[in-house]
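Dear colleague,

Please find below the structure that I am handing over to you. My notes on what was found in it follow.

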2 protein chains.
Amino acid sequence: MILSGGLDSSVCLALALAHRDNGGDSDGERTLAVTFDYGQRHKVEVGHAAAVAAHYGTEHLVVPIDLRGWGGSALTDASIAVPSAGGNGIPVTYVPARNLIFLSIAVGIAEARQLDAVYIGINALDYSGYPDCRPEFLASFADTARLALKRGVEGHPVELRAPLVDKSKADIVRLAAQLGAPVHLTYSCYRGGDAPCNDCDSCRIRAEAFLDAGLRDPAQ
Amino acid sequence: MILSGGLDSSVCLALALAHRDNGGDSDGERTLAVTFDYGQRHKVEVGHAAAVAAHYGTEHLVVPIDLRGWGGSALTDASIAVPSAGGNGIPVTYVPARNLIFLSIAVGIAEARQLDAVYIGINALDYSGYPDCRPEFLASFADTARLALKRGVEGHPVELRAPLVDKSKADIVRLAAQLGAPVHLTYSCYRGGDAPCNDCDSCRIRAEAFLDAGLRDPAQ
């Protein structure tokens, strides 16, 4: 279970735990939340992820992989500013190969720890236009992981689950409320200040979703 | 260019540089050797990689990504012994998702640094039976990377090149001699001692290859 500390992955964790508690997984009780400390400008989210995992009593593993060594994104290169919301195309907050790297490590952990599935809270409707959030990327990754892993070769591949992939952000806000997810512990801002900037793409998308859902954001 | 410090990746670097010097790449002079410091038992190989890169005057980036956090392999878990050569099936020296993780990071670096291709020295003939060394894995990874990366979406994906994939180990030894690759600087042993153990799978495959090629191993 990849947990960034943002809204989507926290709701995804709530869904994964609900699925498990309904007897949906053969590995019963075991759920591991994995957070990447990747040199992100908003490193503060790692602490939020820990708080969300603690809220659920879920084992939490922080994996350091410093993507600043090569940069190429406003989130991993201090010399590139995070823009205000808006603009066309793939924005400068896109991090080259981020979800590819995170999922690769996650399936490796799943194999080593004998966990059956990897959850990721990507969604492809209300998002920032990153190519590695699209369902076609995820489907292709699942094929590649099946070929890469011993357990894929042995006929029981790690399952990839992205239960939010076709949800709108307002749907995710509603789901959070239904599931009682600890939204007050989550953090979505790209700029990484103690309080959200309410100006970047991520803050703006979150604010519009709460507005659409007719709910108040408890993290504000 | 992924460089472990072993024989195969060093010959692969020699091939990449020969290709570049023949005008084969649009990005001209730029080659970057990337070595993963992944908590491997044979960490000594990282120094060998640096020596091989220095031999060629190639820029060298060491990327720390500690795979011991979840273990699952004799190479990343000190409690699992490296076996002597032989045995059937995928051996305990297999590291879950290793090449998937390394390639994912490598294509991210290639995109961030605007490099056109990633070379990897995998071969699927004389090897240890790892699933992530097979050509079908690599072909699938190339598809997935195309979908994950901005430059894939924009129509100029990072190329994946594995020029040794269908070579025998003896062929690779002969290639090394033809290209004048610095074989004396390479290191292949899984056990990580100062001198190779000449007992593990990797040492045994290397020794047999030199025997088949009728050449002496200058690293012995």
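Throughout this message a residue is called buried if 20 or more other C-beta atoms lie within 10 Å of its own, exposed if 12 or fewer, and partly exposed in between, with C-beta atoms placed from the backbone. Please note that this is a predicted model, in which local features need pLDDT of at least 70 and side-chain atom pairs count only at pLDDT 80 or more, while totals for chains, interfaces and linings use all residues. Residues are numbered from 1 along each chain as its sequence is written, and chains are lettered from A and ligands numbered from 1 in the order in which they are written.

Individual residues

A:Gln114 is exposed, because it has 10 C-beta neighbours inside 10 Å. Its phi is positive, at about 55 degrees, although A:Gln114 is not a glycine. The residue sits in the loop between α3 and β3 (117-119) of chain A; helices (H or I, at least four residues) and strands (E, at least two) are DSSP runs, numbered from the N terminus.

A:Asn198 likewise has a positive phi, of about 60 degrees, without being a glycine. This residue belongs to the loop between α6 (169-179) and α7 (201-213) of chain A. A:Asn198 has 13 other C-beta atoms within 10 Å and is therefore partly exposed.

A:Val62 lies in strand β2 of chain A and is partly exposed, with 16 other C-beta atoms within 10 Å. Neighbours within four places in sequence aside, A:Val62 is in contact with A:Thr35, A:Asp37 and A:Val46, where contact requires that the C-beta atoms of two residues, placed from the backbone, lie within 7 Å. A:Val62 and A:Tyr38 are 24 residues apart along the chain, and their C-alpha atoms are separated by 9.9 Å.

In chain B, B:His156 is found in the loop between α5 (150-153) and β4 (159-161). With 12 other C-beta atoms within 10 Å, B:His156 is exposed. B:His156 and B:Asp116 are 40 residues apart in sequence, and 8.6 Å lies between them, C-alpha to C-alpha.

A helix pair in chain B

Helix α1 (residues 7-21) and helix α6 (residues 169-179) of chain B have axes that come within 10 Å and cross at roughly 45 degrees. Axes are lines fitted to C-alpha atoms, for helices over the stretch in contact, and angles run from 0 to 180 degrees between N-to-C directions. α1(B) and α6(B) are therefore oblique to each other; angles under 35 degrees count as roughly parallel, over 145 as roughly antiparallel, 65 to 115 as roughly perpendicular and the rest as oblique. On the side of α1(B), the contact is made by B:Leu7, B:Asp8, B:Val11, B:Ala14, B:Leu15 and B:Ala18, and on the side of α6(B) by B:Ile172, B:Leu175, B:Ala176 and B:Leu179.

The two chains

Chain A can be laid on chain B with an RMSD of 0.0 Å by a turn of 180 degrees and a shift of 0.0 Å along the axis, the copies being superposed by least squares on the C-alpha atoms of residues with pLDDT of at least 70 in both. That is the relation of a two-fold axis. The same surface serves both copies, as 100% of the contact residues of chain A recur in chain B.

Between the chains, 37 residues of chain A are in contact with 37 residues of chain B. The largest share of the side of chain A that touches chain B, 11 residues, comes from α3(A).

With kind regards
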